Amino acid sequence: MANKKILIVEDDPDIRKGMSVRLKASGYDTFVASDVVTSLIMARKHAPDLIILDLGLPAGDGFLVIERLKIIPALALIPIIIVSGRTGLPNQELAQEAGVKAFLQKPVDNAELLAVIRKTLGGPVELEKPEYLSKPARRFVL
Amino acid sequence: MKEKPLQILLVEDNAGDALLLREMFNKEKPGSFELTHLLRMSDAVVHLAKGGVDIILLDMGLPDGHGLDTVRRAHEAAPGVPLIVLTGLDDETLAAEAMRGGAQDYLIKGQIENRALPRVLRHAIERHRMQTETDVIRTNQLQFKDEFLSHVSHELRSPLTAIYGFVTILLDGLAGELNSEQHELLEDVLRNTKQLKSMISDLLEVTRIQEGKLLIELRCTAVSDAINYTVNTLQVAAISKGIELSSDIDSRLPLVCADPTRLRQILIILVENAIKFTPANGLVNVRARISKKNPHLLVLEVSDSGCGISPDVTERIFERLFQAADPALAGRQGLGLGLHICKELVSRQGGEIWANSSLGQGSVFSFTLPIFSLPSLIAPGLREGKRADHPITLVVIEIGSRTGWLSDEARTDHSHGVRDLLRRCLHSDLDILLPNMDFAGSAELFFIVAFTDAIGGEAITKRIRGQFEGSDYFQQGDMMFSTFYKSPEPIKRNAIESTQDYLEKVAAKIQQLMNQETSSRTVENGK
């Protein structure tokens, strides 16, 4: 089976390179882009199975990339994972509304990123359930 | 350019003194001064409120004012207007105090030279202007410093992310096999990278404290969870230094009202510190107990058998940027922000933190957290006698995500949003929003104790529903939301019962309802 293709959209060249090496080593084919326009060109050219997206990009941000992708039928359904230094509810909500699969905070842990990618691409899931999902409700002792 | 006349307010009850001053002003160039003379402080306050006064000449012996108090009132009425006090010959001490209280200068009655008066006024105004300017500059600089710090810490994260990425690539052998020496050296790089990362998060945390953006969400929390988490997380670090890290927890300890994430953060900082300052074969212990002095508080203690701290230092150790003076003793120890962060976190949760130690004797760091108590939470609603027989309704709001939350942070953010919305729906003196309880599966339950009957309960439920449905917060398809209320039988207050007995009865009833609620959720969630 051919390797899954991942497009990495990240404006910091070093973070981009590091992520690319890491993902290639895990058996993915990677392509990179550092701005909104290039990321759309690369998405069209390679039709990736997944896009890893930074929010802070030169000339427009990650949400603009999502917006543009949505109007191209062939690209509208590509799953997206955001990896960003931005925090806060507004960004997370925008991301959720835009149908983003996951929102990871920089600096992202290698194992976590790989687990989320595997889950998104439908591979075996190794990500542990968050504590609050697996923990049964406790009776109160007041 | 023609100068505007200087607006002077003279507050003086002695007609003779006032007349003397007025004559002095009349000798000045016409149009350079305009004098308003008032007899009483109360009139002066009204006049000052209208604005337009450039300088105040204030007698300290007014009939409706008292010495320094007059100065304070004038200051309050017009904080931006310079003030000169008029005193008698024997009152110079009082005048000096007035200057410490914010007056720019003082004049001794009967000793004022004719030509000196305008100069004194101009000086006072100029001095006041310079002082104001300095204050503004200082405030701006402090703000600039905080913004700069925040910006720098954010910017430092990117290169650090890259370094972390490359180091782990090399360590995992993704760029070729490493020999053992290379591996060891890279481990050193990784360790330092992690240290840098934690310093940057400390900086960000302090910036958040400074900007008042530190989020704390109190909920009903078990300290044993936080202690176990901390001990498990730091066990490796302790073992590698040859230190025995242990904990003593009594499972019957009551729950506390605290932010579980922040509690873990405090314990991690304290235990990390303890490990840092304890030599090999030493002991570090974490324990919790009910305070002997105050039965409403739980005391958490982190003790070590380390180098100890001298008593004069234990006082200052929680100050921002404080570090032990002897670097040989401390080793390389980061930015010195950890304990300051701890102190802020503890006090924001209603507790206190302190250290007991002496050089060479090890240290004990202790902090308190309020014990979660339903009677004390609902006490404010019952304080007034007329509500003693009031019916009580428990309103329950359930919020959840159909697909599970994006992240822990998203869940916390949502929880904050929900609480804010709920607070807006409530009468703060009538209804009590209880702190969050434990998670009920993937949903979160919010309980409101309302001192009202079933009709009131329905009204509150409706109001909350309306608020939630109108907010963009919960427009998304993924969010689950439900509200309902329960009105138990009104609990009659017996005349013989003390307020405390009654409170406990009410609390027991509410607790019973909450227990039913959560256990039914637990069944629904299949756990």
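Trainee: Where in chain B does pLDDT stay under 50?
Mentor: Over residues 327-332 of chain B, and this is a predicted model. For that stretch the model has seven contacts beyond four places in sequence. Where pLDDT is low, the predicted coordinates should not be read in detail.
Trainee: OK, hands off there. What is the mean pLDDT of chain B?
Mentor: The mean is 81, and 84% of the residues of chain B reach 70 or more. As for the scores of the model, ipTM is 0.71 and pTM is 0.62.
Trainee: Let's talk sheets. What is the strand order in the open sheet of chain B?
Mentor: Its five strands run β2-β1-β3-β4-β5, and the pairing is parallel. At the edges sit β2 (33-38) and β5 (105-108) of chain B, each pairing on one side only. From one strand to the next, the twist averages 20°.
Trainee: And which helix packs on that sheet?
Mentor: That's α1 of chain B, residues 15-26. Helix α1 touches β1 (6-11), β2, β3 (55-59) and β4 of chain B, and its direction makes about 170° with that of β2(B).
Trainee: Nice. Changing topic: how do α8(B) and α11(B) pack?
Mentor: Helix α8 (residues 260-276) and helix α11 (residues 338-348) of chain B pack at about 150°, with their axes 10 Å apart. Because of that angle, α8(B) is roughly antiparallel to α11(B). The crossing is left-handed.
Trainee: Which residues meet there?
Mentor: From α8(B), the list includes B:Ile266, B:Ile269 and B:Leu270; from α11(B), it includes B:Leu339, B:Ile341 and B:Leu345. By class, the contact residues of α8(B) and α11(B) are eight nonpolar, three polar and one charged.
Trainee: What about chain A, say α2 and α3: left-handed or right-handed crossing?
Mentor: Right-handed for α2(A) passing α3(A). The axes of α2 (residues 36-46) and α3 (residues 62-70) of chain A come within 10 Å and cross at roughly 35°.
Trainee: Who makes that contact?
Mentor: On α2(A) it's A:Val36, A:Ser39, A:Leu40 and A:Ala43, and on α3(A) it's A:Leu64, A:Val65, A:Arg68 and A:Leu69. That gives six nonpolar, one polar and one charged residues in the contact of α2(A) with α3(A).
Trainee: Great, thanks!

Terms used: Residues numbered from 1 in each chain as written. Chains lettered and ligands numbered in written order. Predicted model: local features only at pLDDT ≥ 70, side-chain atom pairs only at ≥ 80, totals over all residues. Heavy atoms only, no water. Axes fitted to C-alpha atoms, helices over the stretch in contact; angles between N-to-C directions. Helix = DSSP H or I, 4+ residues; strand = E, 2+ residues; numbered from the N terminus. Parallel < 35°, antiparallel > 145°, perpendicular 65-115°, else oblique. Left-handed = near helix turned anticlockwise from the far one by under 90°. Contact = heavy atoms within 4.5 Å. Nonpolar A, V, L, I, M, F, W, Y, C, P; charged D, E, K, R; others polar. pLDDT = per-residue confidence, 0-100. Pairing = 2+ DSSP bridges.
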